[in-house]
Amino acid sequence: MPERIFPWKLSQIRKHIDVITNKLAPTIVLKNATILNSFLRQWIKGHVWIADDRIVYVGNQLPQLTKNSEMIDCANKVIVPGYIEPHAHPFQLYNPQSLANYVSKTGTTTFIGDNLFFLLQYNKKKALTFLDDVGKLPYHFYWWARFDLQTEVHGEENIFSHDFLKQWLEHKTVIQAGELTSWPKLVAGDDWILYWLRETKRRGKKIEGHFPGASENTLLKMKLFGVDSDHESMNGKDVINRLKMGYTAALRQSSIRPDLSKLIKEVQDEGLTSYDQLYYTTDGATPTFYQDGMINQCIDIALEANVPSIDAYHMATYNIAKYYQLEDQIGVIAPGRIATLNILDSIDNPTPSSVMAKGNWITKDGKHCKLNDTINWSDYGLNQAEISWELSIDDLQFSMPLGMKMKNSVIMEPYSIAIDSSVNELSPKHDECFLALIDRNGEWRVNTVIKGFAKNIQGFASSYSTTGDIIIIGKKKAEMIAAFKRMKEIGGGIVLAEDNQITLEMPLQLNGSASSEDLEQVISQQTVLNQLLKDRGYQFDDPIYSLLFFSSTHLPYIRITPKGIFDVMKKTVLFPSIMR
């Protein structure tokens, strides 16, 4: 059992007792509601008393003292726990605060987030301070501890120092290890990873896998290594196989894998009778996917698929809290829990009319409340990207015989380059573009050709990538340089250049990797970016994920990484990066 922090002082607990013994008035009383009781698995009628940030009573009695209490009649209303996103990637152009601020309005108020950004693009000394401070916002933030970077970088051993991993794993808001993308290394005998998995289990924390297309033999091995859950089921049989082996399985509804409706139908066809070991995830979808909310959309899909209503809500709340051993604080409407809840107009409508988190109103009667959730990013060393080097025509020399061919948004295959890549401009009649990955400090570069990204992009530059290094794509080297120059001037971001003009610029003020703007603004910017890229020949689902996964070695087959062109299946560098 992991060490837990009980969030209330002795004096606060005594105050809570005084409220239920009618010596003090509660802060808020929600009267006459239909309430989801997760332990009974029933919808019950009753009242909810709240003292500051804690639920102190659920039942049929009303308090005798109500002076200064906020009394809300919830007749014809339904109260459920606040929704939980158990697998968040909180720096997908947005940042943790902007994401939480936006999706909390539709009921998702708890996030279990990836720490990859902190490992690759953050001052490690300030990372744990950030975790402490973001936990003070009116949302619930928990985190992972990764043991791999899902790419090939120089100096990985310095990133994963023993002391830093130990500090991270012991932090009170870090509740799991994972996602375990480097499981092939583990199977091949990497005892360094196995050591940290054992340390995770010794601390009573969970381990999450990343096993797309894994065989039953692989799943069995991972279970013996100590893995508890996996979110990479591609079909209903995958889900059932994981459940048979004792995994908890996530059903995914994301921008590149909007599979939830299909998965539910297929597990139902497989004869599934219990949803207790299942939960939803949106798996770090890109901004536009959250236009209408986050986990509320998953519940809606489940209800449409005839999942029993209690199970549909439990997969967003109780199942997750119980899995992570957090059900004594969140995921349940019951005495002693933190007052994080959603008030619905009906069971059939999971988008709440009122949202409360930690006793604070996020949304009340459809109106959004002003929140004290500002983050001064510069306090944590997150400012505009400082790029001190210039891109020259000499950096855009393309003589490599091997290129990358896009099979879809995220899968890259090797192919032999047949075009003349020594020219300064490529023809718009084919879908091959120059592609360069350049160290954000200007120390190295990797140059190749990408097939399938677009036909008519002249110059495109992005400081948004897995590693925070610079991606440059285009048909015209002069416009590629122009796009880079403008990206540098705005302190990092995404820029599209053509015909001696800047067609689009999307500033990413946080180290060139995430925006400090509200999510509404980021959604608007991404919508424009997506359309411009599609107009120029991008044919897949999500260009933002393409940028992110160019360097990601947890997916087949070939990647462009800081070490060079990398063969994922053979685990070898085919063409090394070149020093500038």
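Residues are numbered from 1 along each chain as its sequence is written, and side-chain values use heavy atoms, with hydrogens and water left out. Because the model is predicted, local features need pLDDT of at least 70 and side-chain atom pairs count only at pLDDT 80 or more, while totals for chains, interfaces and linings use all residues.

We can start with the sheets. Helices (H or I, at least four residues) and strands (E, at least two) are DSSP runs numbered from the N terminus, and two strands pair if DSSP finds at least two bridges between them. In general, strands of a sheet pair through backbone hydrogen bonds, either parallel or antiparallel. An open sheet of eight strands is laid out in the order 6-7-8-9-10-11-12-13, and its pairing is parallel. Strand 6 (83-88) and strand 13 (278-281) are its edge strands, each pairing on one side only. Inside this sheet, three bridges link strand 9 (residues 174-180) to strand 10 (residues 206-209) in the parallel sense, and Gln 176 has Lys 206 in strand 10 as its bridge partner. Strand 9 also holds Glu 179, and the peptide bond leading from Gly 178 into Glu 179 is cis, with omega near -10 degrees. Helix 10 (residues 236-244) lies across strand 11 (229-230), strand 12 (248-252) and strand 13, and runs at about 160 degrees to strand 12. Angles here run from 0 to 180 degrees between N-to-C directions, and axes are lines fitted to C-alpha atoms, for helices over the stretch in contact.

A three-stranded open sheet has the order 26-27-28, this time with antiparallel pairing. Strand 26 (558-561) and strand 28 (572-576) sit at its edges with a single partner strand each, so one side of each is left without a neighbour in the sheet. From one strand to the next, the twist averages 30 degrees. Strand 27 (residues 564-567) runs antiparallel to strand 28, joined by four bridges, and Phe 566 stands opposite Val 573 in strand 28. A cis peptide bond between Pro 556 and Tyr 557 has omega of about 5 degrees; Tyr 557 belongs to the loop between helix 17 (543-549) and strand 26.

Strand 24 (residues 493-498) is mostly covered, with six of its six residues buried (under 20% relative accessible area; exposed is over 50% and partly exposed lies in between, with a 1.4 Å probe and protein chains only). Both faces are covered: Gly 493, Val 495 and Ala 497 are buried on one side, and Ile 494, Leu 496 and Glu 498 on the other. Strand 24 runs antiparallel to strand 22 (residues 459-462), to which four bridges join it, and Ser 462 is partnered with Ile 494 in strand 24. Six bridges join strand 24 to strand 25 (residues 501-507), again antiparallel, and Glu 498 is partnered with Gln 501 in strand 25. Strands 24 and 25 form a hairpin with two residues between them, and Asp 499 in the turn has a positive phi of about 50 degrees.

Arg 41, with phi of about 55 degrees, is in the loop between strand 1 (28-37) and strand 2 (42-51) and counts as partly exposed at 36% relative accessibility. Gln 150, with phi of about 50 degrees, is in the loop between strand 8 (140-145) and helix 5 (156-159), and this residue is buried, with a relative accessible area of 9%.

Helix 6 contributes His 162, Leu 165, Lys 166 and Leu 169 to the contact (heavy atoms within 4.5 Å), and helix 8 contributes Trp 192, Tyr 195, Trp 196, Glu 199 and Thr 200.

Helix 2 (residues 96-103) and helix 16 (residues 519-535) pack at an angle of about 100 degrees, with axes 9 Å apart, which makes helix 2 roughly perpendicular to helix 16. Ser 98, Leu 99 and Tyr 102 in helix 2 meet Leu 519, Glu 520 and Ile 523 in helix 16.

Note on methods: Angles under 35 degrees count as roughly parallel, over 145 as roughly antiparallel, 65 to 115 as roughly perpendicular and the rest as oblique.
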